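Trainee: I am new to this structure and would like to understand the terms used to describe it. May I put some questions to you?

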Amino acid sequence: KLTLFWHGHLTSSNAGVYMSSAMIRQNQLFRRHAAGNVEELILAVSKDPAMLRYLNNNANVKGRPNENYARELMELFTLGEGNYSEDDIKQAARALTGWTFTSDGAFYFRRNMHDDGEKTFLGETGDFDGTDIIEIIIRQRQHASFICTELFKFFVHDEPTDDQLKAMVWTYRVGGNHLRPVLRQLFLSKAFYSERAIATRVKSPVEYIVSTW
């Protein structure tokens with residue numbers, strides 16, 4: 001179930017990748033990290049060949065930064081719309097330059113294509129690379145709220161209360177950005193078993209097919 005959650009949240013598709021072996025490895029990546037540390041997962045998927053190709057970061061090079069992945073990283077994956085600026089996108093794209101993959105599907109850092117100049121991102125300044133950008137994002141207050149909201153909506157219903165989210169965010173931060181304690185808290189909560197949560201989620205096609213087995 002968590003693998004399906006992450007595949008929907010960290011979206012890519014073979015229609016844009018054209019590398020079925022890379023998509024299989026991405027699925028395995030989601031399975032390994034599904035209930036673990038979110039920072040480790042985001043870093044791993046940022047280096048994943050399927051994601052690099054799907055959002056064009058393999059074409060992100062010094063002097064001609066491609067902003068596709070930097071934008072999706074913040075808007076859809078970690079922070080949510082409105083919690084960063086257009087300049088933050090540009091600076092993150094610069095930091096992610098040189099991240100690509102080899103012909104046999106392994107992550108590869110092209111150092112000569114990396115912009116190692118100074119960057120100011122989400123209020124911090126330094127000669128950041130992609131790993132630094134992800135660390136800064138995960139530290140943001142909005143990140144914990146964003147991830148916990150997405151989990152609540154996926155497993156319970158679409159309208160979590162402030163108190164429900166605050167409890168999840170606290171557990172997420174105290175647990176070092178690990179999902180397992182947050183999920184335990186969520187699945188033992190009154191909200192999960194409430195009338196509001198019963199029969200509110202519509203199964204995706206793949207969930208429906210799996211449930212018929």
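Trainee: What makes E124 and R139 a salt bridge?

Mentor: A salt bridge is a side-chain nitrogen of Lys or Arg within 4 Å of a carboxyl oxygen of Asp or Glu. In E124 and R139 the closest N and O atoms are 2.8 Å apart, so the pair meets that limit. E124 lies in strand β4 (residues 124-126) and R139 in helix α8 (residues 130-139), so the bridge ties together parts that are 15 residues apart in sequence. Helices (H or I, at least four residues) and strands (E, at least two) are DSSP runs, numbered from the N terminus. This is a predicted model, in which local features need pLDDT of at least 70 and side-chain atom pairs count only at pLDDT 80 or more, while totals for chains, interfaces and linings use all residues. Residues are numbered from 1 along each chain as its sequence is written, and side-chain values use heavy atoms, with hydrogens and water left out.

Trainee: Why is E124 called partly exposed?

Mentor: Buried means under 20% relative accessible area, exposed over 50%, and partly exposed in between (1.4 Å probe, protein chains only). E124 has 29% relative accessibility, so the term partly exposed applies. R139, with a relative accessible area of 48%, is partly exposed as well.

Trainee: Which residue forms a salt bridge with D115, and are the two buried or exposed?

Mentor: The partner is R94, the closest N and O atoms being 2.7 Å apart. D115, in the loop between β2 (107-109) and β3 (119-121), and R94, in helix α7 (residues 86-95), are 21 residues apart. Both D115 and R94 are buried. In total, the structure holds eight salt bridges.

Trainee: How do you know that the protein is as compact as a globular protein of its length?

Mentor: The protein has twelve helices and four strands. Its radius of gyration is 18 Å, close to the 17 Å that the globule rule gives for 213 residues, so it is as compact as a globular protein of that length. The radius is taken over C-alpha atoms, and the rule is 2.2 Å times the number of residues to the power 0.38.
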